[in-house]
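Please look over the following structure with this briefing beside it.

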Number of protein chains: 4
Amino acid sequence: MLVLINLKTYPCDPIAVATAAREVDETTTARIAVAPQAAHLERVAETGVETWAQHVDPIEHGSNTGHALAETVSEAGAVGTLLNHSERRLRLADIDGSLEAARRADLETIVCANNPAQIGAAAALGPDAVAVEPPKLIGTGTPVSQADPDVVEDAVDAAAAAGEDVSVLCGAGISTGEDVVAARELGAEGVLLASGVAKADDPRAALEALVEPL
Amino acid sequence: MLVLINLKTYPCDPIAVATAAREVDETTTARIAVAPQAAHLERVAETGVETWAQHVDPIEHGSNTGHALAETVSEAGAVGTLLNHSERRLRLADIDGSLEAARRADLETIVCANNPAQIGAAAALGPDAVAVEPPKLIGTGTPVSQADPDVVEDAVDAAAAAGEDVSVLCGAGISTGEDVVAARELGAEGVLLASGVAKADDPRAALEALVEPL
Amino acid sequence: MLVLINLKTYPCDPIAVATAAREVDETTTARIAVAPQAAHLERVAETGVETWAQHVDPIEHGSNTGHALAETVSEAGAVGTLLNHSERRLRLADIDGSLEAARRADLETIVCANNPAQIGAAAALGPDAVAVEPPKLIGTGTPVSQADPDVVEDAVDAAAAAGEDVSVLCGAGISTGEDVVAARELGAEGVLLASGVAKADDPRAALEALVEPL
Amino acid sequence: MLVLINLKTYPCDPIAVATAAREVDETTTARIAVAPQAAHLERVAETGVETWAQHVDPIEHGSNTGHALAETVSEAGAVGTLLNHSERRLRLADIDGSLEAARRADLETIVCANNPAQIGAAAALGPDAVAVEPPKLIGTGTPVSQADPDVVEDAVDAAAAAGEDVSVLCGAGISTGEDVVAARELGAEGVLLASGVAKADDPRAALEALVEPL
């Protein structure tokens, strides 16, 4: 079970969260990873935690100003990247281009999407995983696995129908270990988390509680 | 076989092209349609030709300025709409939203895309059809069915794999009747055309030549 | 005093509002105009009312799908266009390009912006007018001239400082004749209106009440 | 005279260029700075060179994925940021928002623009500097100060007319010391450079040649 903590642009200490994540990772069968801001990638990766980028652009080396290059993200220590997060929506052709860039740089990929239809579309592009995030649940603290379990199951079916070997993650409202277990029971192979860990007073305790029931 | 003529913002007389298209439509088994600019929809529809919009936005009635509402396009006489044309790329979530808007207004839908992977993604969203337009062929006069027949066949396979009943159109470089026949033989159920008819000195003759071999 | 009614994508009858606007225009010193959706431009212009587009794109005749061409808007009967409305924000370079397109087609231009700094920037591009719309007041029914009169005066100063002859319009929360008078007293030479007229049970009565104090 | 080297996403060694820039900076009255990719900001700043970001987003701390936060850029060691580069065009409202974010984090700002009208608009938003980059000259090796000296002078006038104390930089085609001197003589207080240094076999020699005539 992949537990990916998106640090967004929260005012947290990325090194403290990364260190806690690495330590808890050693105590559990879950695979814990952290996605910091681009400027923090190198220092987060140096903690030894599995490190992900929040975004890469559909570009190559060259004349691109203010963009995230997959090769740079990879050299900074990231092993994967989120794409098309609800806070960074991309055009269809650019998701495809960013996936190509990520593959070129040996980055794993998770494409986020709103609903089962979009999950099927994202899966057809051949990422390693997709994450379903119903917009109405983002930031509510109500997990999609509880508020709308059909969405998770339908997303799993849509990803399977795309005929590629694409994992499904659950990406909205996860905050407790029970939510993680419920997501797994619906067919999800991972969860996306953000404020529940990144803004916790004690990120390590928050993570321990999350993975404890696994 | 659907022959859809995209008038883009060419300096052509949309009524003259529409009238020619309606007249040629009566002489052939092909289904001929015209996609004018939004401001020309009503007058083009009044010629009796099958009329399509070039784009609709992922919106409903309400506070939206400078957008194309599916209901308005439908009331103006359009029976369908292009979406995600290479000159009007959309975010994945907005293709989904525009498809929802089009269905609400009973518009047929054709989603354009660059390559078989994106065609598979577009087809997973459940449009009536998809159109494959390799960027390197757009505007070249070299038809995709000739320059790169595998792209058309792969697009047909990708659309079929999406498990929905989605037709595939061929959308780049079509300019002769042979191109249309070749597209059909590769599995396409229609073609997108633009300058070959819209900028022809005699649009009626250009259309007649296109559909003659069918 | 210009009173421009933006019909957005409201479910109103654009011809009924246009006809009412034309009739009330004949009874007042105010200049009343209507900005319908693109597909309604021709029929609205045929009522004889002063007609505006809601948007034009920074393009010329050519290969552009799903865009609004200034020449087409003009031939449809529009005499001007809004640009950069808060519901259709543009990149700086595209406001410049759209202004160039509008000038080429002899369209008057109103560039919308959020605050006095952006109004100064918009005015520096040389439109005919700018419209200040503080985002927090849009749709509130509280006129900017009342909630935040300094914004209007600062916008008038910023437009004057741009050294071009650029009028300032007041564009948020206007719903009564007193609001229009207050806007004029702060230096505005016009107002942007939307739901107050477009969604009124009796658009003609709503307009008469608006211009009565002028 | 500010000489700002934009490393874009070139396949150069950012530390080598930064070290060369710091060393040459000590030998000249010019002020030399380097703008690396976000993931390289910390290591570039550690070389002691003046470090700039290529972009920051119009956001605050919070729920933003895949964005560049001004505070993070500043903490990583940057003292300023480019905005609205021709390869990263922004909406007018977002240039204003990004400037506000940069001021909040005590970052200097340079807003790029295409032509004198846009330079006037950019200057009206109150950045520290603007950079004029005629699109037709970008990447040509022909300096704007030579191909079109009026553009530089008109940009200086437009920035002055905005009534703020805004410097003007010359941002296209600069590759020799003569170009830098010519830009200065036209009123520019700095230059933007990219491939001429970043892709040079010997970045230090390239920089020395650039600042030698100053």
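A residue is called buried when its relative accessible area is under 20%, exposed when that area is over 50%, and partly exposed in between, with a 1.4 Å probe and protein chains only. By that rule A:Glu133, at 3% relative accessibility, is buried. This is a predicted model, in which local features need pLDDT of at least 70 and side-chain atom pairs count only at pLDDT 80 or more, while totals for chains, interfaces and linings use all residues. Residues are numbered from 1 along each chain as its sequence is written, chains are lettered from A and ligands numbered from 1 in the order in which they are written, and side-chain values use heavy atoms, with hydrogens and water left out.

**Annotated site**

- The unreviewed UniProt entry places the annotation "active site" on A:His85 and A:Glu133; such annotations may be inferred rather than shown by experiment, and their positions are given in the numbering used here, with feature names shortened.
- These residues span 49 residues in sequence, yet no two of their C-alpha atoms are more than 8.7 Å apart, so they gather at one spot.
- A:His85 is buried, with a relative accessible area of 4%, and it lies in the loop between β4 (80-83) and α4 (92-104) of chain A, where helices (H or I, at least four residues) and strands (E, at least two) are DSSP runs numbered from the N terminus.
- Contact means heavy atoms within 4.5 Å, and, leaving aside neighbours within four places in sequence, A:His85 is in contact with A:Asn6, A:Lys8, A:Cys112, A:Glu133 and D:Thr65.
- A:Glu133 sits in the loop between β6 (129-132) and α6 (144-147) of chain A, and, not counting residues up to four places away in sequence, the residues that it touches include A:His85, A:Ser86, A:Cys112 and A:Leu192.

**Arrangement of the chains**

- Chain A and chain C are joined by no contact, and their closest C-alpha atoms lie 16 Å apart.
- Chain B and chain D do not touch either, with their nearest C-alpha atoms 16 Å apart.
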